[in-house]
Amino acid sequence: MQKRGCTVLSGWIGDATGFMVPVNVFPSVKTILHWSGWMWQSLVVYCQFLMLQVIRPSNPGVLCAVAISWILMATSVPAVPTDTVNPIAEIQSVIRAQQDAWNHGDIDGFMNGYARSPSTVFVSEATITRGWETVRDRYRQKYSDRGKMGTLTFSEIEITLLSPDSAVVLGRWSLERAKDRPHGSFTLIFKRLSEGWRIVHDHTSAAPPTK
């Protein structure tokens, strides 16, 4: 019998004599379902139910309880989506990881937020730096010790998705150091790569120092 994409494979009836005979099950018969378990395998779900039915035979003095074992095969189970993480949340995680790495004096960890590619671009003031390693070397040279690195804070982060695989991020940065507090703004282009969301273009500017 076919019902809602499921197939009933067997059913048996037992009366007071204990004799077991096969019976047909019809959708119009009221049933009580007891779940006996689920087993997932690939995209096919196997379900087994114990069903009890009460029927009245021609002899009104006898009631027969029908115990029916159903094995249901559902072949139209939708696949569980694997890409359930919010892209904005992933990008925020990358930015937080950069901030944390910087504040631990870990420039290499900070650079993990950038795409490891020769085409990665960093723009600051009038200087354009190309390539992941070149950008890393620039950071190492400019921030050669913990005093120069200070404590980094990112703020006012705005993330706009341009497509499923690209986004633009606008925000502000500031460094808390012993003698000064440089700050400014940045625009980042993120791309979703095989290793996750990474910065492929960074345009960072510094505000004029306060007097």
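This is a predicted model: local features need pLDDT of at least 70, side-chain atom pairs count only at pLDDT 80 or more; totals for chains, interfaces and linings use all residues.
The chain contains four helices and 13 strands. Of its 211 residues, 30% are buried. Among contacts between residues at least 6 apart in sequence, 46% link residues at least 24 apart.

The largest nonpolar core comprises 27 residues, and within it Phe110, Tyr139 and Phe190 touch the most other members. At least two residues of this core are supplied by each of the helices α1 (87–103), α2 (107–111) and α3 (132–142), and likewise by each of the strands β10 (151–163), β11 (166–176), β12 (183–193) and β13 (196–206). Helix α1 provides the largest share, five residues. When residues up to four places away in sequence are not counted, Tyr139 is in contact with Trp102, Ile107, Phe110, Met111, Tyr114, Phe122 and Asp202.

Asp202 also takes part in a polar contact, in which its side chain pairs with the side chain of Thr204 at 2.6 Å. Thr204 lies in strand β13. This threonine is classed as buried because its relative accessibility is 15%, below the 20% limit that defines the buried class. With residues up to four places away in sequence again left out, Thr204 touches Phe122, Val123, Ser124, Glu125, Trp173, Ser185 and Phe186.

How values were computed: Residues are numbered from 1 along each chain as its sequence is written. Side-chain values use heavy atoms; hydrogens and water are left out. A nonpolar core is a set of buried Ala, Val, Leu, Ile, Met, Phe, Trp, Tyr and Cys residues joined through side-chain atoms within 4.5 Å. Buried means under 20% relative accessible area, exposed over 50%, partly exposed in between (1.4 Å probe, protein chains only). Contact means heavy atoms within 4.5 Å. A polar contact is a pair of N or O atoms within 3.5 Å; within protein, one must be able to donate a hydrogen and the other to accept it, and residues adjacent in sequence count only if both atoms are side-chain atoms.
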